[in-house]
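Please look over the sequence and the structure shown below before reading on. The report that comes after them is meant to be read with both in view.

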Amino acid sequence: MATPLDFSKKTFFLLTGASKGIGATIAIECGKKFQKGSRMVLLARSSSGLENTKQKILSSNPDVQILTFPIDLSAPTEKELRDVLSSSLSTDAATSFEQAFVVHNVGTTGDVSKRAKNCNDVKEWQENFTCNVFSVILLNNLFLEVFSAIRRYVVNITSKCGVDAFEGMAFYGPNKAAREMFFRNLAAEERADTNLQILNYAPGPVDTDMLTFVAEKTLSEGIREWYKEGMKSGGVLTTEQTTKRLLGILESGKYESGAHIDYFDE
């Protein structure tokens, strides 16, 4: 089993896709729990969205330090990501924190109106995987390099689409599957490092702009109908519901490093 995440410890926290949706809610809910001296580093493309998230955190916990970095993670360079980490630490040593915690939430669906047999544009595939897989791996490995001497928690926001096939998800499913397999391999290779805990968390169907986009643009009539019924019946989760579930898993430590856990799992 994993070592439970302890919010009472001085923490360095890094989150991508922090300007809205699940990412913003994870930032806000974690921000309520972090102790004085902890540092939150929030990344996203929207500077206004990041500022909105920051202010919501400070309204509930004015003692936490928050740094925001408007950055396009669709094709970052190693230097850009190293600069984010070095700027976040400034003159502090990584070991001035008791633990480091990263949540890889950034993600795009790609074109959900295309059938798999029509996804023939190599550039489109390259752009999709650069944003959703390659940039995540690069940021993650730089994070592990910087915080090699303290306990680290890594959360990859994954999806059921990376495990099961759905119409219109010919781009999204493969990138989620590849991304999760990287983290499962990492966990397998680093099993002896008890200071590294990795979780692949599938948040379930959540009421976000991404889900709305998929419902509007998908080639699947079944997904459109499911979305309409789910919004009426409560089958679509709130960002607060799925975040509460995620934090409960992390704080309980009831998972093996590298595990895939879905919101609906027992």
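## How the model is read

This is a predicted model, in which local features need pLDDT of at least 70 and side-chain atom pairs count only at pLDDT 80 or more, while totals for chains, interfaces and linings use all residues. Residues are numbered from 1 along each chain as its sequence is written, and side-chain values use heavy atoms, with hydrogens and water left out.

Helices (H or I, at least four residues) and strands (E, at least two) are DSSP runs that are numbered from the N terminus.

## Helix α1 and its surroundings

Helix α1 covers residues 21–33, which makes 13 residues, and from its first C-alpha to its last it reaches 19 Å, close to the 18 Å expected at 1.5 Å a residue. The expected span of a helix is taken as 1.5 Å times one less than its number of residues. The buried residues of α1 are Ile 22, Gly 23, Ala 24, Thr 25, Ile 26, Ala 27, Ile 28, Cys 30 and Gly 31, where buried means under 20% relative accessible area, exposed means over 50%, and partly exposed lies in between (1.4 Å probe, protein chains only).

These buried residues of α1 pack against strands β1 (11–16), β2 (39–44), β4 (99–104) and β5 (151–157), and also against helices α2 (47–60) and α8 (239–252). Contact, here and below, means heavy atoms within 4.5 Å.

## Where α1 meets α8

Two packed helices are described by the angle between their axes and the distance between the axes. The axes of α1 and α8 come within 9 Å and cross at roughly 50°, the axes being lines fitted to C-alpha atoms, for helices over the stretch in contact, with angles that run from 0 to 180 degrees between N-to-C directions. That angle makes α1 oblique to α8, because angles under 35 degrees count as roughly parallel, over 145 as roughly antiparallel, 65 to 115 as roughly perpendicular and the rest as oblique. The crossing of α1 and α8 is right-handed; a crossing is left-handed if the near helix is turned anticlockwise from the far one by less than a right angle, and right-handed if clockwise.

On the α1 side the contact is made by Gly 21, Ile 22, Thr 25, Ile 26, Glu 29, Cys 30 and Lys 33, and on the α8 side by Thr 239, Glu 240, Thr 242, Thr 243, Leu 246, Leu 247 and Glu 251. By class, the contact of α1 with α8 has five nonpolar, five polar and four charged residues, where Ala, Val, Leu, Ile, Met, Phe, Trp, Tyr, Cys and Pro count as nonpolar, Asp, Glu, Lys and Arg as charged, and the others, Gly among them, as polar. Thr 243, placed in helix α8, counts as buried at 1% relative accessibility, and, leaving aside residues up to four places away in sequence, Thr 243 touches Ile 22, Thr 25, Ile 26 and Glu 29.

## Two further helix pairs

Helix α3 (residues 78–89) and helix α4 (residues 122–146) have axes that come within 10 Å and cross at roughly 40°, and they are therefore oblique to each other. Their contact is made by Glu 78, Leu 81, Arg 82, Leu 85 and Leu 89 of α3 and by Ser 135, Leu 138, Leu 139, Leu 142, Phe 143, Glu 145 and Val 146 of α4. By class, the contact of α3 with α4 has eight nonpolar, one polar and three charged residues.

For helix α6 (residues 209–217) and helix α7 (residues 221–233), the axes come within 8 Å and cross at roughly 130°, which makes α6 oblique to α7. The crossing of α6 and α7 is left-handed, and the contact is made by Leu 211, Thr 212, Val 214 and Ala 215 of α6 with Ile 223, Arg 224, Trp 226 and Tyr 227 of α7.

## Two buried loop residues

Tyr 255 lies in the loop between α8 and β7 (259–262) and is buried, with a relative accessible area of 2%. Leaving aside residues up to four places away in sequence, Tyr 255 touches several residues, including Met 1, Ala 2, Tyr 153 and Ile 261.

Thr 109 lies in the loop between β4 and α4 and is also buried, with a relative accessible area of 7%.
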